[in-house]
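Please open the model in your viewer and keep the sequence panel beside it. The tour below goes from one selection to the next and says what is found at each stop.

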Amino acid sequence: MLEVRDARRREVWQPGDAWLGGGTYLFSEPQPHIRRLVDLSRTGWEPLQVTPEGDLEIAATCTIAQLSRFPRPAHWTAAPLFEQCCRAFLASWKIWNMATVGGNLCNGLPAGPMISLTAALDGVCLLRSQTGALRRLPVADFVVGAGVKALEPGDLLRSITLPARALVSRTAFRQASLYGLGRSGALVIGTLDPVDGTLTITVTASTVRPIRLHFPVPPNAEAVREAVEYGIEPHEYYDDIHGLPAWRRHMTFRFAEEVRRELFEEAGR
Ligand SMILES: Cc1cc2nc3c(=O)[nH]c(=O)nc-3n(C[C@H](O)[C@H](O)[C@H](O)COP(=O)(O)OP(=O)(O)OC[C@H]3O[C@@H](n4cnc5c(N)ncnc54)[C@H](O)[C@@H]3O)c2cc1C
């Protein structure tokens, strides 16, 4: 029999304990290794806050619906990316309203659209261990493989911070699924730094972990092709029912070039 405990009651972490976010993954398949769920839903954490420095702090418990509804200031040129990533979910009503940003990151699926969003916008995770120690880790280093995260037993993802500078970057988004409303098979985001104009291409869904390719000078098509070729190892393309590695690789090359063209050539740079 599964027990559910309130996360506000600080109890000793035991083998078989798991944090409960929205439960959309945890309740979707049998979890024979779990004995107790520690429910985060009553923590009362503010879902979204803009800090005095202009960073956006997203609580782990923020739902996809709350993120989608959040009024984004007009000067956030990266604003469209929020909705594009929310919509990249294979989202039923239940997923939209219950799934949390933190649960999406901690699931660590290649097709995790909140991983795509926060990795592309230089997101940093705030993690709390059972001793109370806090540490920060870039999202791109937090997800290290398909379903593999930099989490020790009992570690809690508290929030993800998106820096002000990333929120005013120009972005380009491409996503493909094998079938309409299907889980993402490839999701590529380009971001143009507002200060130094450098391009970063973030590859998710087609790869087992987020892969970020940085271009200190504006690249041509060949430079982007080479970066994808040498920046992503063949074994890093994901293989599951939502897409063969060869197709994911093909879409990654294509989207990376489309993103480059949108941000440079079509913008008249
Ligand atoms: C029909 C359907 C479609 C789906 N489509 C997608 C999809 O397209 N892409 C995708 O990525 N996923 C998908 N999922 C899986 C899942 O719904 C999402 O990953 C969702 O974002 C998980 O969030 P949650 O809050 O419900 O997490 P939960 O189910 O509550 O938890 C997920 C995992 O994260 C851990 N966890 C949760 N919060 C924290 C925290 N703050 N700190 C530490 N650990 C934590 C839990 O212990 C658990 O291991 C789908 C699921 C279903 C049923």
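## A walk through the model

Begin by selecting helix H5, which is largely enclosed by the rest of the structure because eight of its eight residues are buried; buried here means under 20% relative accessible area, exposed means over 50%, and partly exposed lies in between, with a 1.4 Å probe and protein chains only. The buried residues of H5 are Pro113, Met114, Ile115, Ser116, Leu117, Thr118, Ala119 and Ala120. Helices (H or I, at least four residues) and strands (E, at least two) are DSSP runs, numbered from the N terminus.

Before going further, note that this is a predicted model, in which local features need pLDDT of at least 70 and side-chain atom pairs count only at pLDDT 80 or more, while totals for chains, interfaces and linings use all residues. Residues are numbered from 1 along each chain as its sequence is written, and side-chain values use heavy atoms, with hydrogens and water left out.

Now select Asp122, which sits in the loop between helix H5 (113-120) and S6. Its phi is near 55°, a positive value in a residue other than glycine. Most residues other than glycine have a negative phi. Asp122 counts as partly exposed, at 36% relative accessibility.

Compare this with Ala205, in the loop between strand S13 (199-204) and strand S14 (211-215), where phi is near 70° and is again positive in a residue other than glycine. Ala205 is buried, with a relative accessible area of 2%.

**The five-stranded sheet**

Next, colour the strands of the open sheet, whose order is S4-S5-S10-S6-S7 with antiparallel pairing; two strands pair if DSSP finds at least two bridges between them. At the edges are strand S4 (48-50) and strand S7 (134-138), each of which pairs on one side only. From one strand to the next the twist averages 25°.

Within this sheet, select strand S6 (residues 124-128), which is joined to S7 by five bridges, the two running antiparallel. Val124 has Pro138 of S7 as its bridge partner, and Arg128 has Leu134 of S7. S6 and S7 form a hairpin with five residues between them, and Gly132 in the turn has a positive phi of about 95°.

S6 also pairs with S10 in the antiparallel sense, over five bridges, and here Leu127 has Leu157 of S10 as its bridge partner. Staying in strand S10 (residues 156-162), pick out Thr161, which is buried at a relative accessible area of 15%. If neighbours within four places in sequence are left aside, Thr161 is in contact (heavy atoms within 4.5 Å) with Asp55, Leu56, Glu57, Asp122, Gly123, Val124 and Arg136.

**Domains and cores**

Which two domains does the assignment give for the protein chain? They are domain 1 (48-165) and domain 2 (166-265), with bounds that come from an automatic or database domain assignment. Taken over C-alpha atoms, the centres of domain 1 and domain 2 are separated by 19 Å. The contact takes 32 residues from domain 1 and 27 residues from domain 2.

Now show the largest nonpolar core, where, of 50 residues, Leu56, Leu67, Phe82, Leu105, Met114 and Leu121 touch the most other members. A nonpolar core is a set of buried Ala, Val, Leu, Ile, Met, Phe, Trp, Tyr and Cys residues joined through side-chain atoms within 4.5 Å. This core draws at least three residues from each of domain 1 (48-165) and domain 2 (166-265). Apart from it lies another core, of 23 residues, including Ala176, Val188, Val203 and Ile211.

**Two last selections**

Select Ala7, in the loop between strand S1 (3-6) and strand S2 (17-20). Ala7 is buried, with a relative accessible area of 14%, and, leaving aside neighbours within four places in sequence, is in contact with Trp19, Val38, Asp39, Leu40 and Thr43.

Finish at helix H8 (residues 221-231) and helix H9 (residues 245-265), which pack at an angle of about 145° with their axes 10 Å apart; axes are lines fitted to C-alpha atoms, for helices over the stretch in contact, and angles run from 0 to 180 degrees between N-to-C directions. On the H8 side the contact is made by Ala221, Val224, Arg225, Val228 and Glu229, and on the H9 side by Arg249, Thr252, Phe253, Ala256, Glu257 and Arg260.
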